[in-house]
Amino acid sequence: MSEIDVEAVESVTPTVDAPEYVLYGGKGGVGKTTMAAATALSSARDGTATLCVSTDPAHSLSDALGREVPATPGRIDDEYPLYGAEIDPDTLEGSPFAGADGAGGMGGMGGLGGLLGGENPMQPGSMPGADEAAAFQLLLQYMDDDRFDRVVVDTAPTGHTLRLLELPDVMDSMVGKLLSLRERMSGMMGSITGMFGGDGPSEAEMEQGVESLRELSAKVERLRAVLTDPAKTDFRVVMIPESMSVTESKRLVSQLNEFSIPVGTVVVNRVMQPLTDVADTDAEWFVAPDLDNCEFCQRRWEVQRSALSEAQELFRGHDVKRVPLFAREVHGEAPLRVVAACLD
C-alpha cells in the first residue's frame with residue numbers, strides 16, 4: 001500500500017453488520033488478527049462499545065492495532081469505545097484451572113489430586129483443551145460484562161478452538177466417573193485411612209471436587225450455547241487464495257457444522273486484485289499487482305483465480321469477502337479502516 005492519506009481514509013465509513021459476538025478462526029498466519037482488529041475498530045468507531053480479544057498464545061493484536069493491549073480488558077482508545085485484551089492462559093488467576101492455592105482455584109481438588117497420584121487433573125496442559133478452556137472461561141466473563149455491546153475474538157489456531165468445544169462432554173464423563181468412584185468409596189474412607197494411616201481424600205473433599213467439575217462444565221456448556229446461537233454469534237473463517245488453504249477451510253467449516261457453530265462469513269485474504277474491485281475506495285490509496293506486465297504476478301494470479309473459483313463453489317450460501325494483498329504490513333488505524341471497508 002502507498003503512503004495513506006489519513007484524511008481521505010477518514011471519509012471511508014465502513015459499518016459492522018454483525019451479531020454480539022464475532023469470532024475469526026482458521027489456520028495460523030492467514031490474517032485472523034488483522035480481520036478481528038479491523039472489525040473491532042470499525043465497530044467502536046460506530047459508537048458500539050467493543051472488546052477485541054485475542055486467545056491465540058502468539059499474540060499480535062497489539063501490533064495490528066498499533067497500541068498496547070493489556071492482558072485483561074481495558075480501554076485502548078480515548079475517542080472511541082474500543083477495549084482490548086490479550087489473554088495469556090499461563091498467567092491466569094481466578095480461573096477454575098488455577099493451581100489449588102490460586103485465587104478461585106480448585107482447592108477442593110486436593111483430595112482428588114492425591115487419589116490420582118498427586119496431580120490436579122485440571123491444571124493447564126494436563127488434559128486436552130485445558131489451556132483453551134481457561135482462556136474461554138474468562139471470555140465468558142467478558143461476554144457478561146456490561147461495558148461491552150460487542151465482543152470480537154481473534155481465536156487460537158483451528159485445532160485448539162475446536163478442542164475447547166468438546167470439553168463439556170469430557171467433563172460430564174469425568175463427573176460421572178467421580179460420582180461412581182465416590183459411590184464405591186462411600187463408607188470405606190474411614191477403613192482405608194485406618195488401614196494405611198494415610199491422608200486419603202475425605203467425603204467432603206470428593207464432593208467439593210465433583211461440584212467444582214459440575215460448575216466448570218456448566219460454564220463451558222453455557223459458552224457453547226452462545227457460540228452455537230446464530231442470533232448471537234458469527235464464526236468467520238479466514239483463508240488465503242491457495243488450494244491447500246481452501247481445503248483446510250472446507251474441513252474447518254465442516255467441523256464447525258458438526259458442533260452447530262454458525263459460519264456466516266468466509267474471508268479470503270491477500271487476493272491479488274485492485275482495492276477498487278472489492279471496496280468502495282479511491283484507487284490511488286493502493287498499490288496493486290501489475291497483472292498486465294509482471295509475469296510473476298500473472299502466474300500467482302492464475303493460482304489464486306483457481307482457488308477463488310473453488311472457494312466460491314464450496315462456500316456457496318456463505319458471504320464470501322475478499323481482502324486484497326497489501327504492499328505493506330497492515331498495522332495501525334488507517335489501513336485497518338481500509339480492511340474494514342472490504343469486510344463491509
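I'll start with the overall make-up. The chain has 344 residues, and 51% of them are buried. Its secondary structure comes to twelve helices and eight strands. If you take the contacts with a separation of 6 or more, 76% are between residues 24 or more positions apart.

Next, confidence. The average pLDDT for the chain is 77, and 66% of the residues score at least 70. Two stretches need a caution. In residues 1-6 the pLDDT is below 50, although this stretch has 17 contacts in the model beyond near neighbours in sequence. In residues 94-128 the pLDDT is also below 50, and there the model has 71 contacts beyond near neighbours in sequence. Where pLDDT is low, the predicted coordinates should not be read in detail. Please keep that in mind if you look at those contacts on the screen.

Now the empty space. Rolling a probe the size of a water molecule over the atoms shows where such space is left.

The largest pocket has a volume of about 440 Å³. Its lining is made of 24 residues, and those nearest the centre are V30, G31, T34, N269 and R270. Which elements supply at least two residues each to this lining? They are α2, residues 32-45; β7, residues 265-271; and β8, residues 319-324. Helix α2 gives the most, with four residues. By class, the lining of the largest pocket has ten nonpolar, eight polar and six charged residues.

The second largest pocket has a volume of about 230 Å³. It is lined by 17 residues, with D17, R236, T265, K321 and L343 closest to its centre. Two or more residues come from each of α2, β6 at 233-239, β8 and α12 at 333-343. Here too α2 has the largest share, this time three residues. The lining of the second largest pocket divides into six nonpolar, five polar and six charged residues.

The largest cavity has a volume of about 60 Å³. Ten residues line this cavity, and G26, K27, V238, E248 and S249 lie nearest its centre. Strand β6 and helix α10, residues 243-258, each supply at least two of the lining residues. The largest share, four residues, comes from α10. The cavity lining has four nonpolar, four polar and two charged residues.

Back to α12, one of the elements lining the second largest pocket. Ten of its eleven residues are buried, so the helix is largely enclosed by the rest of the structure. The buried residues run from A334 and P335 through L336, R337, V338, V339, A340, A341 and C342 to L343. Note that the list includes R337.

Last, the aromatics. How many aromatic pairs does a search of the whole structure find? It finds one. The ring centres of Y83 and F148 are 5.0 Å apart and the planes are at 70°, so the pair counts as edge-to-face. Y83 is in strand β4, residues 82-86, while F148 is in the loop between α5, at 130-143, and β5, at 150-154.

Terms used: Residues are numbered from 1 along each chain as its sequence is written. This is a predicted model: local features need pLDDT of at least 70, side-chain atom pairs count only at pLDDT 80 or more; totals for chains, interfaces and linings use all residues. Side-chain values use heavy atoms; hydrogens and water are left out. Rings of Phe, Tyr and Trp (its six-membered ring) pair if their centres lie within 6.5 Å; planes under 30 degrees apart count as stacked, over 60 as edge-to-face and the rest as tilted. On a 1 Å grid over the protein atoms alone, a cavity is a set of points where a 1.4 Å probe fits but cannot get out, and a pocket is an open set with protein on both sides within 12 Å along at least five of seven lines; lining residues have an atom within 4 Å of a point. Grid points are joined across faces, edges and corners, and a volume is the space filled by probe spheres set on the points. Ala, Val, Leu, Ile, Met, Phe, Trp, Tyr, Cys and Pro count as nonpolar, Asp, Glu, Lys and Arg as charged, and the others, Gly among them, as polar. pLDDT is the predictor's confidence in each residue, from 0 to 100. Contact means heavy atoms within 4.5 Å. Buried means under 20% relative accessible area, exposed over 50%, partly exposed in between (1.4 Å probe, protein chains only).
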